Amino acid sequence: MKAPYFWSADLDPKSREAAPLTRLLLTPFAMLYLWALRRKLAKARPEAAPVPVVCIGNLTAGGAGKTPVTEAIRNRIRSAGLRAASLSRGHGGAEPGPLKVDPARHTSRDVGDEPLLLAGSGEAWIGRKRPEAARAMAADGAEIILMDDGHQNPSLKKDLTLIVIDAGAPFGNGHVLPKGPLREKVPEGLARADAVILMGAGPVPPEVTASSLPVLRARLAPLAAPPPGPLVAFAGIGRPQKFFDSLAQAGGNVSDAVPFGDHHPYTKGDVQFLRSLAHDHGARLITTTKDHVRLPLDAQSEILAWPVTAVFEDTAALDAVLAPIFKRAGKP
């Protein structure tokens, strides 16, 4: 069942007509962005970390499910008896790091939403300078570092790179930022990877097939059924519609849905607007766990969070991909 709203697709005719012109005007900026990235990658001299580094990255600007995948792989490594910790840049946070995230002391405005979310279920660090952060993590006892994002950051040498792709919307319109959602050309990004994690239902993209990389299938699964009664959903993630649809398909009674920009820092004004909307519908507010940590502290207790987890179809295949990392960390 699809939710009864079309915030992203229900564009007015003038907006649809203007889209090609907008893309044309953005072409020079996309070319400049791609030139700068290629130059950065070509000139880089990655620094090796004292412990193995697994990069969990993507080729698009958000929405693929990278953070839940990082959490699931961290849990898998921990179950093998190794101390694994995630490393994020800390997007949206004021702290530069290196810093071990403590949910009891830090907020999303300190360390960013994704590190704070990851710290709720395991060890998480932030560091804008990745090599410096990796050294601090190793000195603290981490045995394997999981980079949540960073495929386009060449400063730290990766021992294994996994690319997360949303099977339902792999590469958007096929253009590079800001003309499209791609962070780089797909073949170039896949050429530096060791495996692909394809999230959700959908065929393997031809570009992935052409790369000959191993493909692991995974999906996001709710940890609980949606709460009963009318719901007003909101989300500020890469693809809010994906959350709204998942909630409705799981049986949630979605009365209305409000999208925000990715990593949106919620204000008291936002919360007041959402409260008013929920009141009009006689509904409760619900959002993602990633959005929930960005809410003002005094609003978190009244707003529901719907948690999901990444589930791999074939854990043996995942273990086979991780085997060289286990070996280097001293775990046969």
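Ser212 sits in the loop that runs between helix H7 (206-211) and strand S8 (215-222), and in this predicted model Ser212 has a positive phi of about 65 degrees although it is not a glycine.

|---|---|---|

**Overall form**

The secondary structure of the protein chain amounts to 12 helices and 13 strands, and the C-alpha trace, followed along its principal axes, spans about 55 × 45 × 40 Å. Why can the radius of gyration of 20 Å be said to agree with a compact globule? For 332 residues a compact globule would have a radius of gyration near 20 Å, and because the protein chain has 20 Å, the value agrees with that expectation.

The domain assignment divides the protein chain into domain 1, made of the segments 53-220 and 311-329, and domain 2, which covers 224-306. The centres of domain 1 and domain 2, taken over C-alpha atoms, are separated by 25 Å, and the contact between the two domains involves 12 residues of domain 1 and 11 residues of domain 2. Between them, domain 1 and domain 2 bury an area of about 1,100 Å², to which carbon and sulfur atoms contribute 55%. Of the area that domain 1 buries against domain 2, 39% is supplied by Arg109, Asp113 and Leu117, more than by any other three residues.

Polar contacts across the same interface of domain 1 and domain 2 come to seven residue pairs, with both residues at pLDDT 80 or more.

On the side of domain 1 that touches domain 2, the elements that give two or more residues are helix H3 (108-111) and helix H4 (113-119), and H4 gives the most, with four residues. By residue type, this side of domain 1 divides into four nonpolar, four polar and four charged residues.

**The surroundings of Asn153**

Asn153 lies in the loop between strand S5 (144-148) and S6. Which residues does Asn153 contact when its neighbours within four places in sequence are left aside? With those neighbours excluded, Asn153 is in contact with Arg130 and Lys158. The side chain of Asn153 also makes a polar contact, at 2.7 Å, with the side chain of Ser155. Gly57 stands 96 residues away from Asn153 along the chain, and the C-alpha atoms of these two residues are separated by 9.9 Å.

Notes: Residues are numbered from 1 along each chain as its sequence is written. This is a predicted model: local features need pLDDT of at least 70, side-chain atom pairs count only at pLDDT 80 or more; totals for chains, interfaces and linings use all residues. Side-chain values use heavy atoms; hydrogens and water are left out. Domain bounds come from an automatic or database domain assignment. Contact means heavy atoms within 4.5 Å. Buried area is the accessible area (1.4 Å probe) that two parts lose on being put together, summed over both. A polar contact is a pair of N or O atoms within 3.5 Å; within protein, one must be able to donate a hydrogen and the other to accept it, and residues adjacent in sequence count only if both atoms are side-chain atoms. Ala, Val, Leu, Ile, Met, Phe, Trp, Tyr, Cys and Pro count as nonpolar, Asp, Glu, Lys and Arg as charged, and the others, Gly among them, as polar. The radius of gyration is taken over C-alpha atoms; the globule rule is 2.2 Å times the number of residues to the power 0.38.
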